[in-house]
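Student: Please take me through this model slowly, and for each label set the value against the definition.

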Amino acid sequence: MCFDVDASGWTVTQPRSILVDELYWMGISKSLDGKYLFVEASSKETSEIHYLDLADPNATLQCVAPRRLKVLYDVEHRNGRWWIESNVGGLPDMALWTAPANANCADEWQLVTDAAGVALFEGGENRALSAITCFQDFVVMQGREGGLPRVWVAAMDGDSVQTFQQLLFDEDAYDAGVGTHYEYNTRKIVVAYDSLVTPTQSLEIDLANTSERTVLKERAVPGYDKELYACERTTVKSRDGSVDIPVSLVYRKDVMEDHLQSGKAVHTHLYGYGSYGACIEADFRSTRLPLLNRGVIYVIAHIRGGGEMGRKWYEEPNGAKYLCKKNTFDDFVDVAKWLISDRKLTSPDVLSCEGRSAGGLLIGSSINQAPELFQMAILGVPFVDVLCTMVDASIPLTAVEWEGKGILRFLSVLNESIVASFLVLLIEWGNPNEEKYHQYMKEYCPVQNVKNARYPSCLLTGGLHDPRVQYWEPSKFAATLRHTQSNESGPVCVKMDMRAGHFSASDRYKYLKELAFDYAFLLDQVGLAKYEVDKPAKGSS
């Protein structure tokens with residue numbers, strides 16, 4: 001079933017090959033108090049929400065606020081009022097608003113303030129809002145501050161905020177989020193919490209006394225001793241001095257102690273992503289332990305292009321999107337240089353790096369920019385042929401990135417299944433049919449910028465049935481590297497799974513086998529692999 005959205009409401013039409021608003025996706029949800037059904041149509045930059053009164057059998061869908069270009073908003077309901085998160089007014093991030101639960105109420109939105117009249121979330125650059133959960137006597141908000149996920153609790157007195165506080169945790173770097181709740185009249189919530197050294201816990205927290213916490217469940221990790229490991233959070237100044245890049249490190253305590261005493265370079269693995277506003281959290285992964293237990297320090301660079309510092313970390317002019325995308329790659333290289341030169345933690349001969357999908361683009365562009373910094377690189381299903389992919393509309397996941405002039409005319413010649421996937425990419429990189437975007441993409445596209453220099457050893461993986469990054473992209477980049485790089489470069493290995501898609505197999509054992517292959521290549525190339533060569537028996541040929 002297809003839906004058209006306009007200012008007058010929703011109408012159901014017969015399925016057809018192209019919708020008027022191909023850049024939008026639709027979602028349905030219900031308010032926690034059970035009073036309203038919400039129907040949302042959103043792109044990555046614009047949204048519109050309709051609601052249905054579930055208590056009125058004759059009710060029809062009504063619009064909360066008509067769509068406005070580059071205005072995003074989301075809605076919850078409590079006590080006869082909408083609670084709204086939105087960047088309306090060109091705000092750099094989401095602000096928290098409230099308004100009577102009426103249709104077309106955009107002119108009635110007011111900022112939510114505390115008892116002293118201070119706005120809880122004014123949409124500035126220091127505190128980012130990402131989700132609201134409304135209960136009968138409390139409102140719980142999720143967002144980011146200081147590069148970390150945060151949870152805030154507002155105790156309500158009618159429609160007024162009585163108290164407003166942030167949930168505090170002991171560790172410097174962590175991941176925390178509110179779980180799904182189905183009870184509206186409750187004073188307890190469940191928060192999922194973990195860190196680089198703490199396995200995932202489900203914490204029950206009393207909203208009236210947030211220091212009262214109960215661990216309902218903790219993930220069991222056989223053989224894991226938390227006391228052997230440590231983590232830390234720091235920042236690295238970008239090359240232009242405009243931002244501080246958050247960096248998370250996790251390691252065995254004895255490895256760091258040996259480094260501090262001897263001053264010797266430590267094997268270090270640097271991971272990054274930096275696209276689509278996605279956050280790479282400082283969470284717990286048992287799959288890192290094989291590296292940590294072999295003396296590797298694992299580092300996450302929370303570079304621009306992600307959402308760790310709010311929407312400013314992603315959006316133009318100082319984030320890493322469209323015509324400022326190079327900030328992603330510059331930040332990653334700056335972190336690598338900091339690890340070597342400033343922190344003096346590692347050296348190029350024992351520094352490795354990794355990224356997947358758009359993170360593969362990050363690694364490809366980074367080793368083009370500074371191949372001398374790395375000993376080896378893992379590029380998983382890497383988006384490395386940016387320019388050629390973005391001009392080919394028959395490839396899935398492309399046209400969403402355009403969101404520019406002529407897009408609907410162009411899409412009208414395509415079938416609907418191609419369009420549905422094609423639309424995801426263009427809002428990130430821009431439309432290469434426009435000269436300014438074409439030239440900018442060409443300047444950072446990995447395939448277009450390989451040079452005659454010593455490159456690190458590279459492992460490139462792909463899947464024959466990948467609809468997001470076609471199998472020929474890692475193959476093409478590998479061929480370009482082999483043809484262009486200098487003779488002193490490391491080996492270039494391509495591993496193509498003939499049955500996999502973008503996320504490989506759903507079989508967890510196959511995933512672990514693939515991860516073991518990646519780690520085996522990494523450990524071999526940085527000198528940490530231990531070989532046992534079978535000697536032929538006496539008398540055998």
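Tutor: Helices (H or I, at least four residues) and strands (E, at least two) are DSSP runs, numbered from the N terminus, and the protein chain here has eleven helices and 26 strands. This is a predicted model, in which local features need pLDDT of at least 70 and side-chain atom pairs count only at pLDDT 80 or more, while totals for chains, interfaces and linings use all residues. Residues are numbered from 1 along each chain as its sequence is written, and side-chain values use heavy atoms, with hydrogens and water left out.

Student: What makes the largest pocket a pocket, and what is its volume?

Tutor: On a 1 Å grid over the protein atoms alone, a pocket is an open set of points with protein on both sides within 12 Å along at least five of seven lines, whereas a cavity is a set where a 1.4 Å probe fits but cannot get out; lining residues have an atom within 4 Å of a point. Grid points are joined across faces, edges and corners, and a volume is the space filled by probe spheres set on them; for the largest pocket this gives about 1100 Å³.

Student: Which residues lie nearest the centre of the largest pocket, and which elements supply at least two residues of its lining?

Tutor: Its lining holds 41 residues, with Tyr271, Glu354, Arg356, Ser357 and Phe503 nearest the centre. The elements that each supply at least two lining residues are strands E22 (297–301), E23 (351–356), E24 (376–380), E25 (457–463) and E26 (492–497), together with helix H11 (508–525). H11 gives the largest share, five residues.

Student: How is the lining of the largest pocket divided by class?

Tutor: Ala, Val, Leu, Ile, Met, Phe, Trp, Tyr, Cys and Pro count as nonpolar, Asp, Glu, Lys and Arg as charged, and the others, Gly among them, as polar. The lining of the largest pocket then has 21 nonpolar, nine polar and eleven charged residues.

Student: What is the order of the open sheet of eight strands?

Tutor: Two strands pair if DSSP finds at least two bridges between them. The order is E19-E20-E22-E21-E23-E24-E25-E26, with mixed pairing. E19 (229–237) and E26 are called edge strands because each pairs on one side only. E24 and E25 run parallel and are joined by five bridges, which meets the requirement of at least two; Leu379 stands opposite Leu460 in E25.

Student: Which strands does H11 lie across?

Tutor: Contact means heavy atoms within 4.5 Å; axes are lines fitted to C-alpha atoms, for helices over the stretch in contact, and angles run from 0 to 180 degrees between N-to-C directions. H11 lies across E21 (268–271), E23, E24, E25 and E26, at about 165 degrees to E25. Helix H4 (residues 358–369) lies across E23, E24 and E25, at about 140 degrees to E23.

Student: Why is strand E9 said to be largely enclosed?

Tutor: Buried means under 20% relative accessible area, exposed over 50%, and partly exposed in between (1.4 Å probe, protein chains only). Five of the six residues of E9 (residues 95–100) are buried, so the strand is largely enclosed by the rest of the structure. E9 belongs to an open antiparallel sheet with the order E7-E8-E9-E10; strand E8 (residues 81–86) pairs with E9 over six bridges, and strand E10 (residues 110–111) pairs with E9 over two. Trp97 in E9 is the bridge partner of Ile84, and Thr98 stands opposite Gln110 in E10.

Student: Why does Val381 count as buried, and why does Glu372 count as partly exposed?

Tutor: Val381, in the loop between E24 and helix H5 (386–390), has 5% relative accessibility, which is under 20%, and therefore counts as buried. Glu372, in the loop between H4 and E24, has 47%, which falls between the two cut-offs, and therefore counts as partly exposed.
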